[in-house]
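Trainee: I would like to learn how to read a protein model step by step. Could you take me through one, giving the general idea before each case?

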Amino acid sequence: MKLENMVRKVYPNLMPYVCQLADLPIEEMKQALGKEQVYKLSFNENPLGPSPKAVQAMQEALLQLNLYPSSTGDALLARIGEKEGVEAKNVILSNGADEMIILVAQTFLEPEDEVIIPEVSFVQYLASTHMMGAKPVFSPMKEDLGVDLDAIIERITPATKTVFLCNPNNPTGTVIPADELRAFLKRVPENVLVVIDEAYHEYADDPEYLSSVEFVKTYKNVFVIRTFSKIYSLAAARIGYGIGQEELIEAIHHVRPPFNVNSIAQAGALASLDDEQHVSESRRINQFGRKLLAELFDELGMKYLKSATNFVCVDTGRDSGYMFDQLAKHGVIVRNLAGYGMTTSLRVSIGQPEEMQAFAAAMREILAKEQK
């Protein structure tokens, strides 16, 4: 048996997810580093933890583990629709935002299709494109690392099937200004699907930001993706959702596995939506942490991007691999952005004040040693 004769032709482009140090659960990080205390600032997780209401709802749902969940999650669809000002039929659930990206790819992409992806954006767009054997077309960023919508328009051809946008963008934290996005959508052909990933929507406090749910009501070719992993702090539960016009939703249901979102996750998500206090406190911690990082980077003379998310992208002016390793020696784990071609940049998640202080102390010590 020769495996290469059995797997799909796209197999060489598909890489399994291999956990590096920055991807490990915190207990495994401690073991890898031989440290009792580690500060994980690499995964954009909510340091506040889940809503107590969500935990209680999930604990109660555990008593019915013998029963299959609602296949479509009707109660949650209705609640999301109510919150977002759309009908339940305009919402679809997924096993995290990652699965929703995959479902979109499985629904719409053929091997001859082109998919436009900004050069510095979430890697799942590329992975899903490769999975379907479609052709990725990368569009350059603006000089300030904002998403260049004009560059995307220039790359649309008759073969273009999908455009992936992340707003606010990961890993830069920047937003696409509402006026630019509005003008862009008017120029996109109606047969090109525009997928807008709003994983960090609830953190976006930039006045130029506007959720694309508003555009879903006008454009049949706009599809918005959200997640409960970030501000709602349900990353381990794996639950996300998409919002689009009914025709798009029905198409995706053709490839969505039945029971793809478990009942525990559904219960937690439903309760989370009713805990505004938890969301407000999460935002408060995040805004405080972003302020601390801005002050630190100003002090250290490092350039950083204005963030509308729960992380900050900083240009350290030094090799990012070196900086990552030095921080790891202090028990602080961040995200090395060298894989995006940003060879001197790091992405730093917002944590609790003590985590921010640990990061600041480590950075000061690393730079102080350089001056000796």
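Mentor: Let us start with exposure: a residue is called buried under 20% relative accessible area, exposed over 50%, and partly exposed in between, with a 1.4 Å probe and protein chains only. At 22% relative accessibility, Thr107 therefore counts as partly exposed. Please keep in mind that this is a predicted model, in which local features need pLDDT of at least 70 and side-chain atom pairs count only at pLDDT 80 or more, while totals for chains, interfaces and linings use all residues. Residues are numbered from 1 along each chain as its sequence is written, and side-chain values use heavy atoms, with hydrogens and water left out.

Trainee: In which helix does Thr107 lie, and which residues does Thr107 touch beyond those up to four places away in sequence?

Mentor: Helices (H or I, at least four residues) and strands (E, at least two) are DSSP runs numbered from the N terminus, and contact means heavy atoms within 4.5 Å. Thr107 lies in helix H4, residues 96-108, and, once residues up to four places away in sequence are set aside, Thr107 touches Ala251, Ile252 and Val255. Thr107 and Leu248 are 141 residues apart in sequence, yet their C-alpha atoms are 9.4 Å apart in space.

Trainee: How should I read an annotation, such as the one that covers Lys230?

Mentor: UniProt positions are given in the numbering used here, feature names are shortened, and annotations may be inferred rather than shown by experiment. The unreviewed UniProt entry carries the annotation "modified residue: N6-(pyridoxal phosphate)lysine" for Lys230.

Trainee: Is Lys230 buried or exposed?

Mentor: Lys230 is buried, because its relative accessible area is 14%. Lys230 sits in the loop between strand S7 (222-227) and strand S8 (240-243), and, leaving aside neighbours within four places in sequence, Lys230 is in contact with Phe43, Asn44, Asn46, Ala199, Tyr200 and Tyr203.

Trainee: What is the order of the 7 strands in the open sheet?

Mentor: Two strands pair if DSSP finds at least two bridges between them. Here the order is S2-S8-S7-S6-S5-S3-S4, and the pairing is mixed. Strand S2 (91-94) and strand S4 (135-139) stand at the edges with a single partner strand each, so one side of each is left without a neighbour in the sheet. Strand S3 (residues 114-118) and S4 run parallel and are joined by 5 bridges, and Ile117 has Phe138 in S4 as its bridge partner.

Trainee: Which helix packs on this sheet, touching S3 and S4 among its strands?

Mentor: For angles, axes are lines fitted to C-alpha atoms, for helices over the stretch in contact, and the angles run from 0 to 180 degrees between N-to-C directions. Helix H5 (residues 124-131) packs on the sheet, where the strands touched include S3 and S4, and the direction of H5 makes about 155° with that of S4.

Trainee: With which side chain does the side chain of Arg79 make a polar contact?

Mentor: A polar contact is a pair of N or O atoms within 3.5 Å; within protein, one must be able to donate a hydrogen and the other to accept it, and residues adjacent in sequence count only if both atoms are side-chain atoms. Arg79, in helix H3 (residues 74-84), makes such a contact with the side chain of Asp274, at 3.0 Å.
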